[in-house]
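Trainee: I would like to go through the terms used for this model. Show me the structure, and I will ask what stands behind each label.

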Amino acid sequence: MRWLLIYIMLGLNCSAQSLMSDPPSISDPNSVNYALIQIRGFVVSTDKQLHMAGCFMISSVTTSYVYNRTADKRKAIAIGFGAGMVAGIAKEIYDIRYGSPQWGDIAADAIGSGLGAVSITFTF
């Protein structure tokens, strides 16, 4: 199961590198090129990577802790995902007053929280 996760991560990395190699032109917002540019902006953004990493860490630690206390995978995944999302949403609420809140940050939080909660359960 660990190898599957490694293959998925390598595939995402190769996809991100291919998106970065040849920049498509923006001509029509409904075109595939426009969508690729939006995806590239999401993947390459350092802010989004930090959101994913932070929520991944919070979610994985919480999932591991809850599983060690309860021995219930479903409960551990739900609480771990929730903890990561609470932290991410709290950061966006903070950004309303002191920064620039973005919906993409919440999407990055959800990706990081989901991966953190699910990847930790592979080791149980």
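Predicted model: local features only at pLDDT ≥ 70, side-chain atom pairs only at ≥ 80, totals over all residues.

Trainee: What span is expected for helix α3, and what does it reach?
Mentor: Helix α3 covers residues 46-70, 25 residues in total. Helices here are DSSP runs of H or I with at least four residues, numbered from the N terminus. The expected span is 1.5 Å times one less than the number of residues. For α3 that is 36 Å, and the helix reaches 36 Å from its first C-alpha to its last.

Trainee: Why is histidine 51 called buried?
Mentor: Buried means under 20% relative accessible area, exposed over 50%, and partly exposed in between (1.4 Å probe, protein chains only). Histidine 51 has 8%, so it counts as buried. This residue sits in α3. Other buried residues of α3 include Met52, Cys55 and Tyr67.

Trainee: Which residues does histidine 51 contact, beyond its neighbours within four places in sequence?
Mentor: Lys91, Glu92, Asp105, Ala108 and Asp109. Contact means heavy atoms within 4.5 Å.

Trainee: What makes alanine 71 stand out in its phi?
Mentor: Its phi is positive, near 60°, in a residue other than glycine. Alanine 71 lies in the loop between α3 and α4 (73-98).

Trainee: Why is alanine 71 called exposed?
Mentor: Its relative accessible area is 58%, so alanine 71 is exposed.

Trainee: How do α3 and α4 pack?
Mentor: They pack at an angle of about 145°, with axes 7 Å apart. Axes are lines fitted to C-alpha atoms, for helices over the stretch in contact, and angles run from 0 to 180 degrees between N-to-C directions. The contact residues divide into 10 nonpolar, 8 polar and 4 charged. Ala, Val, Leu, Ile, Met, Phe, Trp, Tyr, Cys and Pro count as nonpolar, Asp, Glu, Lys and Arg as charged, and the others, Gly among them, as polar.

Trainee: How many aromatic pairs does a search of the whole structure find?
Mentor: The search finds 1. Tyrosine 94 and tyrosine 98 form it, at 4.9 Å centre to centre and 35° between the planes.

Trainee: What makes that pair of tyrosine 94 and tyrosine 98 tilted?
Mentor: Rings of Phe, Tyr and Trp (its six-membered ring) pair if their centres lie within 6.5 Å; planes under 30 degrees apart count as stacked, over 60 as edge-to-face and the rest as tilted. The 35° between these planes gives a tilted pair.

Conventions. Residues numbered from 1 in each chain as written. Heavy atoms only, no water. Helix = DSSP H or I, 4+ residues; strand = E, 2+ residues; numbered from the N terminus.
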